[in-house]
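Please keep the sequence and the model at hand while working through the points.

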Amino acid sequence: MIYREAGQFKTTYASDQAIFPIVQDRVVVAVAIAAAFLVPPLTLGDYWLQAVLIPFLVYALAALGLNLLTGYAGLLSLGTGGFMAVGAYSAFKLATAFPGLNIIVVFLLAGLFAAAVGVAFGIPSLRIKGFYLAVATLAAQFFLIWLFNKVGWFVNYAPSGTITAPARTVLGVMVTGPESTAGARYVMALAFVAVFALVAKNLVRGRVGRAWMAIRDRDIAAEIIGVRPLRTKLLAFAISSFYCGIAGAELVFLYLGSAETIAFDITLSFLVLFMVIIGGLGSVLGSFLGAAFIVLVPIFLTNVPHNIGLDLDVALAKQIELMVFGGLIIFFLIVEPHGLARLWQITKEKLRMWPFPH
Amino acid sequence: MSDALSLVLLGPLEDIGSNPAFFGEVVIGGVMAGMLYSLVALGFVLIFKASGVFNFAQGAMVLFAALTLVGLMEQGVPVWAALALTAVVMIVLAFGIERVVLRPLVNQEHIILFMATIGLNFFLEGFGEMLWGANVKKLDVGLPDKSFMVAGMQMNQLELSAGLIAAVLVTVLAIFFQKTRIGRALRAVADDHAAALSIGIPLKTIWVVVWSVAGIVALVAGIMWGAKSGVQFSLALIALKALPVLILGGFDSVPGAIAGGLIIGVGEKIGEVYWGPLVGGAIENWFAYVLALAFLLIRPQGLFGEKIIERV
């Protein structure tokens, strides 16, 4: 950044290994988080909160989960949508079966259910690698969606097959259900994302994250130096699915309000994978940048022709949107295959030297 | 407990034994569906073998080829000319993909290229529909479509000819790979990119050739699927149907794509007809994946895939 670490001497290991070793970084991040909690709910309208910021936070959490699995542990998964569905449906079942249970506990338990399912479908990863594994995780995707479609118990035998978020409060404020305000739901989603981003950041710089990266870079070598592949890979699946499960629960409870299985189909898996790749594999920040990109681009593409006075046919606009979206993905991959996080890093390096580049 | 077991294990087998003609019909239906899966899987295998790219856009290429063919025929172009023109379009597309997508991404990791093909997938879907419209179209290239009975089993001429065409295509491709100069170069590139480059095989040309061949295979697959169920958006989704075929047969094996397609096709039909009702039906979506997964646990590289030897 424009500031430097000059003059900041580290005298303990703890300060050397801090997440943000520079004072200015700490200040900036603290201010940014405080601003994120306070400014949007007070200043922005419902449209911004509901259509842009809440989906951004929900997707960011899901992308974070997938990034732990794919970016750090190197296990390619296309089952994200299925794991998110597990989170959503178990949160629905828990919330309706135990109305007194705090919604935060419901979300966490839903994440645990998703983690268990993730471990079960992660077992083949011990033998199967690369694209074979990606296709194998599609089995999870299709099987889980089929299961939720077929078994009426999961939707409390609702004839429409829809799950609807019941109204629940946290500290006396309504956070889910049709009567909750967008602001309350936004703060709830933000709190979850902030906590779990911090957890993820700590995971990946510690023992667990290093084991994941060792497995990713060369699994046999990692095994020889004493990283246990079984535990490490299954742990990656468990934690990743935990994140995805909570994101799935949030998707229904905080964003959509009610959903059918179609909301969790294969498109969602691809969407989250896009966020991870465009944002940057193996980067916590990248998950956020990728989620922002994927949420904003379609909104941008829908609004631009309208705003410049071009009245397009709805179907035509949809097709052009698809084309531009596909084109943009290819374009970004060509410009920076390591994602937006890498672009940000380069910018930071440049700014650090600025205005004397040598 | 034993009741449940006999319901799951014996009941369907009794059904099979009691009506062998119907079972034969189911198997033949499965073989035909499997042939069609194989056709799509073949396109994947060709590209994966030659460039290591897992081309997710194969399904969109099938849709695009079918849409172009139908669109041209609707303009009043005769069938043979429309076929030739569509083949040309697919070759031009191959050139474009090589130039715009593959060349700038050369030497990138596989997952990046995979992502790029998903982007391509979106692009082709949007482009094809923008050019030719999104409504369901009927494709009629003059293939016979009548049912007839053999030994008490009902069969369909269209499915039969689809199987025949797939068989011919596979034979032609096998000869192309084994006997021609370009085929040898393709195999060399598949073996080792760097070594092939160093003995003077032009990688770019090879890629264009492979993508063109994959495009033409996509055209054939598009004709078959289009004739069967109309040309529509869902054609792009058959790529998802071809994936279990791929992992079952192995990503880099042409015979694997064929055998995998047949196993999946037959297994899926038998599973759906005899075991499906026990769990409420509609198991076609995931049954193939679970079947393939079971195979993978025994052979992680697929039935015919090259054995993966790993060392540090």
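1. Confidence. The model scores ipTM 0.79 and pTM 0.86. For chain B the average pLDDT is 78, and 84% of the residues score at least 70. Where pLDDT is low, the predicted coordinates should not be read in detail.

2. Make-up of chain B. The secondary structure of this chain consists of twelve helices and two strands. Read from the N terminus, the order of elements is α-α-α-α-α-β-β-α-α-α-α-α-α-α. Chain B has 312 residues, of which 46% count as buried.

3. Make-up of chain A. Here the secondary structure comes to 14 helices and four strands. Of the 358 residues in chain A, 46% count as buried. Residues 24 or more positions apart make up 75% of the chain A contacts that have a separation of 6 or more.

4. Overall dimensions of chain A. The C-alpha trace spans about 65 × 60 × 45 Å along its principal axes. Why may the radius of gyration of chain A be said to agree with that of a compact globule? A compact globule with 358 residues would have a value near 21 Å, and chain A has 21 Å, so the two agree.

5. Helix H7 of chain A. This helix covers residues 182–205, which is 24 residues. From its first C-alpha to its last it reaches 34 Å, close to the 34 Å expected at 1.5 Å a residue. Its buried residues include A:Tyr186, A:Leu190, A:Phe192, A:Val193 and A:Phe196. The buried residues of H7(A) pack against several elements of chain A, among them helix H2 (23–43), helix H3 (46–72), strand E2 (169–170) and helix H10 (229–256). Helix H8 (207–217) and H12 of chain A are also packing partners of these buried residues.

6. The largest nonpolar core. This core has 220 residues, and A:Leu61 and A:Ala88 touch the most other members. Helix H9 of chain B, residues 203–229, gives the most to this core, with 17 residues. Which residues does A:Leu61 touch, if those up to four places away in sequence are not counted? They are A:Phe192, A:Val193, A:Phe196, A:Tyr243, A:Ile246, A:Ala247 and A:Glu250. Of these, A:Phe192, A:Val193 and A:Phe196 are among the buried residues of H7(A).

7. Helix H14 of chain A. With 15 residues (339–353), this helix reaches 22 Å from its first C-alpha to its last, close to the 21 Å expected at 1.5 Å a residue. Buried in H14(A) are A:Gly339, A:Leu340 and A:Ala341. The packing partners of its buried residues are helix H11 (266–279) and helix H12 (284–307) of chain A.

8. The contact between the chains. Chain B contributes 39 residues to the contact, and chain A contributes 35 residues. On the side of chain B that touches chain A, helix H5 (110–132), helix H10 (238–249) and helix H12 (284–298) of chain B each supply at least two residues. H5(B) gives the most to this side, with 15 residues. By class, the side of chain B that touches chain A comprises 30 nonpolar, six polar and three charged residues.

9. Two residues compared. Are A:Ala134 and B:His110 buried, exposed or partly exposed? A:Ala134 has 23 C-beta neighbours inside 10 Å and therefore counts as buried. B:His110 has 14 such neighbours inside 10 Å and therefore counts as partly exposed.

10. Surroundings of these residues. A:Ala134 belongs to helix H6 (residues 130–150) of chain A. Apart from neighbours within four places in sequence, A:Ala134 is in contact with A:Leu76, A:Ser77 and A:Leu78. A:Thr162 lies 28 residues from A:Ala134 along the chain, and their C-alpha atoms are separated by 29 Å. B:His110 is placed in helix H5 of chain B. Apart from neighbours within four places in sequence, B:His110 is in contact with B:Gly52 and B:Phe54. B:His110 and B:Ala41 are 69 residues apart in sequence and 19 Å apart in space, C-alpha to C-alpha.

Terms used:
Residues numbered from 1 in each chain as written. Chains lettered and ligands numbered in written order. Predicted model: local features only at pLDDT ≥ 70, side-chain atom pairs only at ≥ 80, totals over all residues. Expected span 1.5 Å × (residues − 1). Buried ≥ 20, exposed ≤ 12 C-beta atoms within 10 Å, placed from the backbone. Contact = placed C-beta atoms within 7 Å. Core = buried A, V, L, I, M, F, W, Y, C linked by C-beta atoms within 7 Å. Rg over C-alpha atoms; globule rule 2.2 N^0.38 Å. Nonpolar A, V, L, I, M, F, W, Y, C, P; charged D, E, K, R; others polar. pLDDT = per-residue confidence, 0-100.
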